[in-house]
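Hi,

Here is the structure I promised to pass on to you.

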Amino acid sequence: MSEDRPSIAYASPYVPAEWIAAHGFRPARVTPEDTRGPGATGACPFSEAFVAATGNGHRASVFTTTCDQMRRASEEPAGDTFLLNMPHTESAASLGLYVDELRRLGRFLERLGGTSPAIEEIRRTMRAFDEARRRLLDARGRLSGRAWADAVVEFLSAGDPGFTAPEGPRPGRGVPIALVGVPLWGAHRELYRLVEEAGGEVVLDGTKTGERGLPAPYDRRSSGDDPLLEIAAAHHGSMVDAFRRPNHRLYQWLDHGLRRREVRGIVFLRCAWCDLWHGELGRLTDWSPVPVVDVDLSGDRGGLARMETRVQALLDVIR
Amino acid sequence: MSTPKLLSVAQWDERYAELVAAGLRQPAYGGPLSRHVTDGDTRLGKLRFDDSPAALRLWNLLLTEEERLFAAKARGTTIVGTMKDLGTVPVLAYSLENCLAFYPDGAWWIPCVMELSAGLLAAADRLGIDDSFCPVRAMLGAFLAEGHFPDPDLVTCSVGATCDDFSAIAQRLNGLGVPVLWWEIPARRSPEPGEEAVALPGGVVAPHAQVRFVESELRRVAAHLEELHGEPLTGERLAAGIRAANEIRELLRELREECFTAAKAPLPALELLVAEMLAIHYCSDRDETRAVLVELLEVVRGRIAANEGVLAEDAVRVFWVNPVADLRAMNVLEECGGRVCGTDYLFAHAIDAIPEDAPPFEALARTALADPMVGSSAERAARVVAEARELGAEAVIVSRIPGASHCAREGAAIGERVLEELGLPVVTIEVPPLADSLLPTLRTRIEALVEAARARRCR
């Protein structure tokens with residue numbers, strides 16, 4: 001995909017990149033570098049960092065209603081923004097809401113100068129992104145947790161379905177660790193290095209910038225008249241997240257992943273002022289069969305020392 | 001008619017004795033305010049109350065809700081615990097015979113009223129829901145404590161365009177094994193070019209597609225109610241329920257109009273706050289709520305006619321945004337020389353009339369979608385500005401709710417717009433469930449606001 005295409009910034013894994021791409025834009029999933037720390041008291045630092053990043057030459061930005069913080073942050077950017085109403089419940093009606101919202105997003109992209117894609121163009125784009133995600137998932141086993149996480153971010157930020165994951169570095173033999181929670185951005189992405197240096201290896205990346213944020217693969221045999229329904233179904237069905245009501249599927253996903261990857265410890269990640277994930281800490285701690293350590297991301301580099309201490313403490317307990 | 005006064009609980013005991021001796025007629029839940037203090041509502045000992053029998057009835061209605069709920073449960077009344085939507089699902093519930101709704105959210109005042117003695121916040125802390133969350137976290141403790149309300153037969157909760165902390169708290173409750181019927185309310189948006197639009201109560205507009213979606217969600221809730229209750233919730237019944245709800249809303253609008261526009265404040269801000277809260281779920285007794293509001297309105301009109309008020313005529317007119325976790329704050333405003341001349345306590349959609357010229361389920365959906373918290377901060381700010389202008393506000397107080405996800409940005413949006421369009425002094429305060437240690441700071445800030453407003457009068 002040409003980097004010359006104007007880009008559309010987004011942060012949520014439930015904004016289908018292929019839908020944006022099919023309309024002629026480059027889908028740019030933003031993992032902000034900004035780690036200035038929270039501004040207004042009570043404002044989520046990730047939402048503030050994303051708002052700041054929307055001004056970096058993107059044609060427009062897409063926010064979602066997965067949380068109140070992002071919903072209200074959508075009023076701040078000066079440029080064109082789109083607020084995608086995200087279904088919080090899981091039903092045929094909520095899927096219908098999501099489909100309607102994606103159609104509405106399509107109309108927004110057309111008003112920005114995008115194309116009105118033909119069915120075959122949509123299918124071609126779906127296949128391209130689906131194959132790119134499959135290649136990424138296939139690379140999971142041969143890459144270290146850090147390398148794989150970086151590959152995911154690189155793929156999503158470039159919005160290029162031609163992306164191919166690197167061959168290495170290979171996974172270490174550290175203690176298998178899971179990450180669960182909010183996206184890791186800016187200096188917080190040092191967490192992967194900190195885990196490795198403490199003797200661990202991230203084998204299950206349940207952050208929004210990890211595998212939990214990837215949609216289910218498409219059925220390659222499908223040839224229906226409305227490919228948007230397939231895009232919606234794949235993403236809707238993959239909304240394994242704290243914001244869903246109820247959110248038991250998050251725990252089902254975790255249970256499966258913890259057992260399959262023989263995870264021995266969880267690093268739970270939440271942003272300062274993120275109530276949705278913070279609300280899960282007590283439940284996760286009660287539920288988890290393995291030790292859990294809580295790391296709150298305040299958006300400042302000063303938090304790295306705190307993060308390092310917590311990770312080391314977790315590994316000490318496990319070993 | 002004697003000049004109305006603000007009384008302490010002890011002074012109210014004397015007044016009560018006088019009223020009883022003079023033949024005061026009370027409902028079954030009546031009695032002296034001090035009995036609630038004895039029962040544990042110790043915060044009342046630090047508040048000042050209006051001295052009218054109508055105010056006594058209001059407080060007794062509020063403070064006996066727990067008893068009423070348990071009695072209703074014992075009689076076999078279907079009890080619906082409705083969370084978050086602030087005024088919508090109760091209209092459905094009260095449309096059925098022998099069915100009522102209450103807000104577990106209302107537990108957020110228990111830590112204040114009982115001065116933390118009930119241990120609800122500590123219970124929430126133990127579940128990992130600490131003071132970085134909104135004080136409504138007390139609801140968690142209230143569910144677990146099993147004494148503040150009976151186990152509801154059905155618990156509903158609106159999600160989607162709702163605040164994160166409430167959603168997280170409700171999910172925590174669900175995770176503890178309390179079944180919750182979740183229903184979805186999308187963020188209200190403006191219609192697109194060419195999209196069919198619908199006017200909603202309160203002056204906002206939404207796409208008809210969103211109204212249809214919310215209607216389908218409310219019908220889903222209604223279907224659960226029908227199955228639980230064993231009676232159909234027909235359009236006719238809901239229409240009757242809407243008419244009854246609108247009677248209450250009309251009374252409340254009249255009460256607010258009289259109080260906000262009178263030369264002298266005829267009712268204190270505290271009683272007005274409690275009266276507004278009745279609109280959400282009628283304090284589990286719709287008939288009594290109507291009676292209380294009628295009586296309050298009579299008192300207010302009588303005082304206005306007699307040119308009497310509870311505050312000095314030159315009290316600074318303040319528009320108040322957001323409810324307070326500590327009721328004491330409303331007394332403080334008046335002690336500092338202010339008076340409430342307009343309010344937005346997060347549920348304007350529970351005070352506006354529900355349309356009666358539309359099919360009832362659609363009408364209720366329009367009302368739900370008109371919720372100011374479901375729309376943008378900009379739209380909420382616009383309504384605050386419009387009402388503050390209309391009511392002649394001289395200052396605005398934005399009361400942040402500690403930990404509430406919407407307050408981080410919304411308060412700034414409202415304050416900026418007030419400054420830009422009205423040029424009024426604005427202050428943002430934060431009121432925790434017990435504000436005693438912060439009272440000097442709160443007073444200073446409110447006094448400064450009042451002084452700034454007075455100075456503007458001289459210009």
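**Salt bridges**

Over all chains, the count comes to 66 salt bridges, a salt bridge being a side-chain nitrogen of Lys or Arg within 4 Å of a carboxyl oxygen of Asp or Glu. Before going on, please note that this is a predicted model, where local features need pLDDT of at least 70, side-chain atom pairs count only at pLDDT 80 or more, and totals for chains, interfaces and linings use all residues. Residues are numbered from 1 along each chain as its sequence is written, chains are lettered from A and ligands numbered from 1 in the order in which they are written, and side-chain values use heavy atoms, with hydrogens and water left out.

One of the salt bridges joins E90(A) and R244(A), with the closest N and O atoms 3.8 Å apart. E90(A) sits in the loop between β4 (80-84) and α4 (92-111) of chain A and R244(A) in the loop between α8 (227-237) and α9 (248-260) of chain A, so this pair ties together parts that are 154 residues apart in sequence. Helices (H or I, at least four residues) and strands (E, at least two) are DSSP runs, numbered from the N terminus.

**Where the chains meet**

Chain A gives 42 residues to the contact and chain B gives 41 residues, contact meaning heavy atoms within 4.5 Å. Together the two chains bury about 3,200 Å², 48% of it on carbon and sulfur atoms; buried area is the accessible area (1.4 Å probe) that two parts lose on being put together, summed over both. On the chain A side, R72(A), R245(A) and D275(A) lose the most area to chain B, together 21% of what that side buries.

Seven salt bridges are counted between chain A and chain B. R72(A) forms a salt bridge with E410(B), the closest N and O atoms being 3.4 Å apart.

**Backbone points in chain A**

Most residues other than glycine have a negative phi, and most peptide bonds are trans. Here are some exceptions to look up:

- G168(A) and P169(A) are joined by a cis peptide bond, with omega about 5 degrees; P169(A) is in the loop between α6 (145-158) and β5 (175-181) of chain A.
- From R245(A) to P246(A) the peptide bond is also cis, with omega near -5 degrees, and P246(A) belongs to the loop between α8 and α9 of chain A.
- W273(A), although not a glycine, has a positive phi of about 75 degrees; W273(A) is in the loop between β7 (265-271) and α10 (275-287) of chain A.

Best wishes
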